[in-house]
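Reader: Could you walk me through this one feature at a time? I'd like the general idea, then the case at hand.

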Amino acid sequence: IGDAQGLAPDQKDAFRSFDLNTYAGRLNLDAGDPYLTSKLRVREGRHLRGGFLAHRNLGETRWDETAKWFLALEDVPARPSRLGPLRLHGLVVGNYAVAFGQGLVMDATDFFMARRTGYGYSVRPTGLRGDLSRSDEFTLRGAAAEWSLGRLRATSFFSRDDKDAILNPDGSFNSYIRMVPRLSNELLAGIRNDIAAGVFAGRGDTSAFLPMRDVMDERIYGTNLKLELARGAWLG
């Protein structure tokens, strides 16, 4: 691999190493761990539903690198009140997704799926639902409820989850990142040390190379309110 002329014997071995000097080697892509998605869905009666997902991208080692679950209570029959029928459309604990305004106001996904027409078409779901998608970074985990009172419909949610991010040298948040595959902090540290030894050796501080996986504690509180003006027309 390349030209190792002028290197010491141990340097030549490292220079020619597939495991050290290629991304495929670093990520063990020759180890036979394929892209894998496993899902389990359960339902009890008409109103109780749950599910579990385990997903692994190519280049990741654990079968549950992305693990998600939810329990949901759905479509509870309406009860009369002075302001109109009160109805619980959904109550979800665990991983969930919310989408408002056809996904333009808010959505929670980080993978692409084409929308098709004709036989077998797919649609964009709106409102609250349990989440068993392959999304990892932009998913929500916590609790959420969707209910309506007459013409008023509301969705309230809370999420707390660790996210991958680039940090500033002082440890403060800089920006989100989405790694595919998601690398462990140990592997990132190994790459960092090799870069530091080869590029920054003897030339200053390398502390700016910080962990990036699950380093940001994200907390989200939100509520969406919308009023039905006419059938199919909402103000939110």
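Predicted model: local features only at pLDDT ≥ 70, side-chain atom pairs only at ≥ 80, totals over all residues.

Reader: Now the strands. In which sense do E6 and E7 pair, parallel or antiparallel?

Author: Strand E7 (residues 152–163) pairs with E6 in the antiparallel sense, over eight bridges. To find your place in that pairing, take Gly142, whose bridge partner in E7 is Ser159. E6 and E7 make a hairpin with two residues between them. In that turn, Gly150 has a positive phi of about 65 degrees.

Reader: And which strand does E7 pair with over twelve bridges?

Author: That's E10 (residues 216–230), again antiparallel. Here Leu152 stands opposite Leu227 of E10.

Reader: How should I read the nonpolar cores?

Author: In soluble globular proteins, nonpolar side chains tend to be buried together. In this chain the largest nonpolar core has 14 residues, and Val92, Tyr96, Val98, Leu128 and Phe157 are those with the most contacts inside it. E3 (66–79), E4 (86–99) and E6 each supply at least two residues of this core. E4 gives the largest share, four residues.

Reader: What is Phe157 in contact with, leaving aside its neighbours within four places in sequence?

Author: Its partners include Tyr96, Val98, Met106, Ala143 and Ile220. There's also a second, separate core of five residues, with Leu27, Met179, Leu183 and Leu188 among them.

Reader: On to aromatic rings. What describes a pair?

Author: A pair of aromatic rings is described by the distance of the centres and the angle of the planes. The count for this chain is four aromatic pairs. Take Phe138 and Tyr176: their ring centres are 6.1 Å apart and their planes stand at 70 degrees, so the pair is edge-to-face. This pair links distant parts of the chain, 38 residues apart: Phe138 is in the loop between strands E5 and E6, and Tyr176 is in strand E9.

Reader: Are those two buried or partly exposed?

Author: Phe138 is partly exposed, with a relative accessible area of 36%, and Tyr176 is partly exposed with a value of 36%. Together with Phe173, Phe138 and Tyr176 form one aromatic cluster.

Reader: Which ring does the charged end of Lys226 sit over?

Author: The ring of Trp234, at 4.6 Å from its centre.

Reader: Last topic, the backbone. Which residues does a cis peptide bond join?

Author: Val180 and Pro181, with omega about 0 degrees. Pro181 is in the loop between E9 and helix H4 (185–199).

Terms used. Residues numbered from 1 in each chain as written. Heavy atoms only, no water. Phe/Tyr/Trp six-rings, centres within 6.5 Å; stacked < 30°, edge-to-face > 60°. Buried < 20%, exposed > 50% of the residue type's maximum accessible area, 1.4 Å probe, protein only. Lys NZ or Arg CZ within 6 Å of the ring centre and 35° of its normal. Pairing = 2+ DSSP bridges. Core = buried A, V, L, I, M, F, W, Y, C linked by side-chain atoms within 4.5 Å. Contact = heavy atoms within 4.5 Å.
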